[in-house]
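Please keep the sequence and the structure in view while reading.

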Amino acid sequence: MPTTTALIVGAGHCGLAMSRCLSERSIDHVVLERGEVANSWRTQRWDSLRLLTPNWMTRLPGYAYRGGDPDGYLCAPEVARLIQDYATESAAPVLTNTTVSSVRPSAGGYLVQTDQGSWRARTVVLASGAATAANPPRQLEQCVPTGVATLSPTDYRCPGLLPEGGVLVVGASASGIQIAEELHRSGRAVTVAVGEHVRMPRLYRGRDILWWMDASGILDERYDQVPDLLRARNLPSMQLVGTPERVTVDLNALRSAGVRLVGRLAAIRDGIAQFSGSLPNLCTLADLKLARLLDAIDEWAARAGVGGDRPPERFAPTGVPHAPLTLDLRTGEISTIIWATGFRPELSWLDVPVLNRKGQVRHDGGVTSAPGLYLLGLPFLRRRKSSLIDGAAADAHDLTAHLAGYLGTLSSGNPRAVSARALAGQHAS
Amino acid sequence: MTATATPVDNGVNVEALLGARAAMADSPEIAQFQWRSTVTWLNGTHSRSDVESFYGFDDEQHHTTTFSYDIDHPLQFAAQDNGITPVEYVLVALGGCLTAGIAAVAQQRSIQLRSVSATLTAEMDLHGILGADPDVRNGFSGVSVDYQIDADATPDEIKALVAQSQKRSAVYDVITNPTSVTVNVS
């Protein structure tokens, strides 16, 4: 059976960033990938999708975007190509078309089973992605009347492939607003059910909003310094879209274009969708949150002496429509429901006792309680930017340092590390 | 604010609330609560509701006394006005819940409150409950809450208090979202 010091699951940007950092410390490792490098960017993205982050922010350990459009946004095939180029240039030891079927503790580390044979690894890094599986609300999904098609952003490709008729997009974060805007432009009647959301202008004071968040250090905020980490890790994605025109797609933009906004989808009863009456408050919350972000940016800009040529701006409050509270899904008005309700990691193959009661991996900044088992790429894993491509470098650097320290305790025979290892084995039996 | 400012005190024990949240992480079952009330018909539209016990923190719990409420309809409904109407209790509950939330959030955010008051209104079309128009619902067609708040905070911070209170309010959720109701006769 092949043996390695570190085994990384997933050859996306996170797994490859980790691989690069391990290589720099000469820690022998392997990267297992279920498909091709950047698999989800090749297979689970709709046709028009572009990165939310501008190209200059596409920075990985020892690598960065080198094209001629630093302020543009890569489309999905370009992201896949960039990640592939990164793997090639890093000479990352990737084994493609190798699907992990189980990871479990075993003597000296972990036993990793795949459809291409088994591995022994002293350490394992879970880098298979935060958005591997869509997360539709199962209770609502089973109440959708027959005749209404349902799909997730991972299955959606383009407006032309949906059945004729109106579309209900459930969710108003990045995926929801982008798909709603595109469907509306294609001539569809679109309704968006709006839950909690993070309003964001594409440009602020003449620069990309992410430039401000990066430069001011907001994206570097650490997980152990935010007052409510649970809240920070569960924050919906920013209402952003990457387009050549650098447009803002917020609720005001959708509404003035003619998209119908309704409250959060609360229930479907007897074929009738029921929407929450909380829409005005959710809009107020998002407006206030945006104002706090812009205040912080302006304060930083004044201190740093940046952006003096463009004064602070404030955006019009979200206009709250008189929204219907119910929508009959049996009339044929709605032919498709798109669950833009978020994503979750797919870790059903993880057979290590590190999951909480909701099936999520318990971790402290990516370090799990199982010695030598690490996690990468989840929202606010170690920093606000952890879920962005640009966040992988710092997180991979930190976790590589921790992993190297752990290997050091093993070779020095530190009794605490040994007992922790024994504990992991005990749990697995 | 000055360095000698007295500590913010809105009379809310935020540490106890945060302690409860922390305890729930280890034993989620203690978070499972049941609220109860009884109601007895007296005469006409007059009835009386008692509230004494509830279940939570993994045990039977009791108020310090039995709280009793008269429910009736006003003279304009040809009733005796022995108490407020059920729909007015809904406004009482909403106002109480949001205001408690404002105090708790203000304490958590170190904002000293000086005064908080609100006027609540609910619009209702009587065609619904009288069965006079099948297109009109029985319940409220809309609810408005207008707060007046005096506090050591900016206008946006005060707005954020009120918004956060709505976000975490049980009664606001009960009113704005559907709830399954089962009524049995034994």
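Chain B is divided into domain 1 (32-84) and domain 2 (85-177), with bounds that come from an automatic or database domain assignment. This is a predicted model, in which local features need pLDDT of at least 70 and side-chain atom pairs count only at pLDDT 80 or more, while totals for chains, interfaces and linings use all residues. Residues are numbered from 1 along each chain as its sequence is written, and chains are lettered from A and ligands numbered from 1 in the order in which they are written.

**Confidence**
- Chain B has a mean pLDDT of 94, and 97% of its residues reach 70 or more; pLDDT is the predictor's confidence in each residue, from 0 to 100.
- For the complex, the predictor gives an ipTM of 0.87 and a pTM of 0.90.

**Domains**
- In chain B, the centres of domain 1 and domain 2, taken over C-alpha atoms, are separated by 21 Å.
- Chain A is assigned domain 1 (3-132 + 345-428) and domain 2 (135-339).
- The centres of these two domains of chain A, taken over C-alpha atoms, are separated by 29 Å.
- In chain A, 21 residues of domain 1 are in contact with 25 residues of domain 2 (C-beta atoms, placed from the backbone, within 7 Å).
- The side of domain 1 of chain A that touches domain 2 of chain A has nine nonpolar, five polar and seven charged residues. Ala, Val, Leu, Ile, Met, Phe, Trp, Tyr, Cys and Pro count as nonpolar, Asp, Glu, Lys and Arg as charged, and the others, Gly among them, as polar.

**Helix α1 of chain A**
- Helix α1(A) (residues 13-24) has twelve residues and reaches 17 Å from its first C-alpha to its last, close to the 16 Å expected at 1.5 Å a residue (1.5 Å times one less than the number of residues). Helices (H or I, at least four residues) and strands (E, at least two) are DSSP runs, numbered from the N terminus.
- Ten of the twelve residues of α1(A) are buried, so the helix is largely enclosed by the rest of the structure; buried means 20 or more other C-beta atoms, placed from the backbone, within 10 Å of the residue's own.
- Among the buried residues are A:H13, A:L16 and A:R20.
- Their cover includes β1 (3-9), β8 (117-126) and α10 (392-411) of chain A.

**Chain A with chain B**
- Eleven residues of chain B are in contact with 13 residues of chain A.
- On the chain B side, α3 (155-167) and α4 (170-176) are the elements that give two or more residues, and α3(B) gives the most, with six.
- That side of chain B divides into five nonpolar, three polar and three charged residues.

Conventions. Contact = placed C-beta atoms within 7 Å.
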